[in-house]
Amino acid sequence: MRDNRIRKVPLIILCSAVFLLITLGLRESSDPSFFEKQVDDTRRMDLTRKLKVLSLGGSAAFDDASRKSSYTSLLRDEDMIERLDNLAGENSGAWWPSICLQSMIRGGGLDSKEYDVIILEYSMSGIKGLEMLLERIRRRYPSALIIYVDVYSSESPGWSNCIGHNCRTSVETQMGLEALVKAYTGHFLTLPRPTDPMNYRDSAPYFEDDNESELGAAGHTWIAQHIKQILEPLVHSEYSLLGIRTTEEFVNGHPKPGDWLGGDSCQNWLSSGNITEDSMELQGGNMYEFVPTKFAYEITVEGHISLNTEHFEGNTQLLFIFMAKEKNYPFLDVRIDDTQTPFTIDPWNKHWHHEHTTAMQSVGVISPGRHEIDLWTKPRGDRYTYWYPFRLTGVITCVACQTLNHDIGVACRSKGCTDIL
């Protein structure tokens, strides 16, 4: 009997301890301050998570040492930003990154980086190709928050085409653009429009006094502040606002990357004169600096390109970039592997007759493997004389373009999508 009592003592002590803990826990949990403390602790923990941001865009998003007040520079200084990588170009429209997104990321040494937020701005520099860019971003970074910054100027379509008081506003363009961005679950942030396009300087003081097409400090500050307002809730979330719900969607604590839709390889030597890819060899022509800091591979009579696309898994579009201006350049015939019918490039700039610009043309579709491409110039005819050899400034191979059946230069292909060109 005595032994039984001794055995019961530890059991009684254990039960008493459990009862005491439960009672204390219930008392604590019934106190509202208990839950507030838990929320506060969670917030303090979440606030330590900083955001990784990628910026793509044209002149408004471009920053360098001389533009410390750009919205990208202002955001980079925010405590909530761990890293902001800016791949914006001064004169880059959306068509270039839509075709060459992987090459841009790889060229910037960012191929292994992942992003919480991707900011786009192409309204001033050109939105052609924007849908394909959004598609590729969403496929590669499926959980990233996309923010599109819609900026205008006095030279933007809709604010400059005014005859008297008969002004064509940019409302339709803005609505179609917003619908496109939201179709890819993006945020659409637009700089406030003036009430009177004829007198927009008085009603929208966001631009430089001496340059109505360039954002001023007030414009950059407004954009940075409103992007910050969009981003602030993210530092309190465990990626829930980015659409991630399961741990299987993470790799080392970050969202899993997607694919490049087959990828791309973009060679553009206009600014450097350098060919960096071993997969391509040019013969028969001459790399020439035709104006200071501008280079082209000049083809006077004949040229040749040896191209290796074995690293691609699917068919790829082959595109040439070249100089264009009225009747100054000859035709160029392009024949791939001595089997296809030659494709003729006409470098006459029909859109900007007197401007000396670059143009891009798809010359065919090629399969993975090694290809030999013959090039030869052709006179424009007795009526016209040309002054220069054909000037090739870049070669692009784009599997993503073929995968998406992308029409080069088309901004919006979706059903029901308003024409935003």
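The model is predicted. Two disulfides are present.

- Strand β18 covers residues 331–336 and runs antiparallel to β19. Three bridges join β18 to β19.
- Across from aspartate 333 stands threonine 344, a residue of β19.

**Disulfide of cysteine 100 and cysteine 266**

- Cysteine 100 is joined to cysteine 266, with an S to S distance of 2.0 Å.
- The link of cysteine 100 and cysteine 266 is left-handed, with -95° about the S-S bond.
- Cysteine 100 sits in helix α4 (residues 95–107), while cysteine 266 sits in strand β12 (residues 264–268). The pair therefore ties together parts that are 166 residues apart in sequence.
- Both cysteine 100 and cysteine 266 are buried.

**Disulfide of cysteine 398 and cysteine 401**

- Cysteine 398 is joined to cysteine 401, with an S to S distance of 2.1 Å.
- The torsion about the S-S bond of cysteine 398 and cysteine 401 is about 85°, so this disulfide is right-handed.
- Cysteine 398 has 0% relative accessibility and therefore counts as buried.
- Cysteine 401 also counts as buried, because its relative accessibility is 0%.

Methods. Residues numbered from 1 in each chain as written. Predicted model: local features only at pLDDT ≥ 70, side-chain atom pairs only at ≥ 80, totals over all residues. Heavy atoms only, no water. Pairing = 2+ DSSP bridges. Helix = DSSP H or I, 4+ residues; strand = E, 2+ residues; numbered from the N terminus. Disulfide = S-S within 2.5 Å. Buried < 20%, exposed > 50% of the residue type's maximum accessible area, 1.4 Å probe, protein only.
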